[in-house]
Amino acid sequence: MGLGLSCGAGGGAFAAAALLYVVHFNAIDSFNTAAKTQRDQAGGLAPFSIFARFPAPYFKGDLSIPLIDQIVGTAFLVIFIVATMDMPNMALKVNLGPS
């Protein structure tokens, strides 16, 4: 069940991103035309940051720190989800409550 759920969620996320791209394709081209940029020029990817995350300029192309940031953030997210869904962390049973 876990693999099917994660594949479904990932597939849904990609489908939503593709739909968002199709809906906003003309708006992105209009933005590039107004900014006098092309998609393959510097600054031409500005509106595409809707769909992707790019490392900040101060990393100067080094992807190790942003990668570590994403790994640690995802690990914390997974830990918090597991902690809230773990059966021993649920509410007290009737026999352990105040009398």
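Select Phe80 to begin: at 53% relative accessibility, Phe80 counts as exposed (buried means under 20% relative accessible area, exposed over 50%, partly exposed in between, with a 1.4 Å probe and protein chains only). Before going on, a word on what's loaded: this is a predicted model, where local features need pLDDT of at least 70 and side-chain atom pairs count only at pLDDT 80 or more, while totals for chains, interfaces and linings use all residues. Residues are numbered from 1 along each chain as its sequence is written, and side-chain values use heavy atoms, with hydrogens and water left out.

Phe76 is partly exposed, at 45% relative accessible area. Both Phe76 and Phe80 sit in helix H2 (residues 64–85), 4 residues apart, about one turn of the helix. Helices here are DSSP runs (H or I, at least four residues), as are strands (E, at least two), numbered from the N terminus.

Next stop, the other helix. Pick Tyr21 and Phe25 in helix H1 (residues 2–34): they are 4 residues apart, so about one helical turn separates them. Tyr21 is partly exposed at 29% relative accessibility, and Phe25 is partly exposed with 28%.

How do the rings of Phe76 and Phe80 sit? Their centres are 6.1 Å apart and their planes are at 20 degrees, so the pair is stacked. For the record, rings of Phe, Tyr and Trp (its six-membered ring) pair if their centres lie within 6.5 Å; planes under 30 degrees apart count as stacked, over 60 as edge-to-face and the rest as tilted. The structure holds 3 aromatic pairs.

Now for the loop between H1 and H2. Select Arg39, which is found there and is partly exposed, with a relative accessible area of 30%.

What is its phi? Lys60 has a positive phi of about 50 degrees although it is not a glycine. Most residues other than glycine have a negative phi. Lys60 is also exposed, with a relative accessible area of 74%.

Time for the largest pocket. Select Arg53, Phe54, Pro55, Ala56, Tyr58, Phe59, Leu63, Pro66, Leu67, Asp69 and Gln70, which line it. A pocket, on a 1 Å grid over the protein atoms alone, is an open set of points where a 1.4 Å probe fits, with protein on both sides within 12 Å along at least five of seven lines; lining residues have an atom within 4 Å of a point. About 230 Å³ of space lies inside.

Finally, zoom out. The protein comes to 2 helices and 0 strands. Of its 99 residues, 7% count as buried.

Notes:
Grid points are joined across faces, edges and corners, and a volume is the space filled by probe spheres set on the points.
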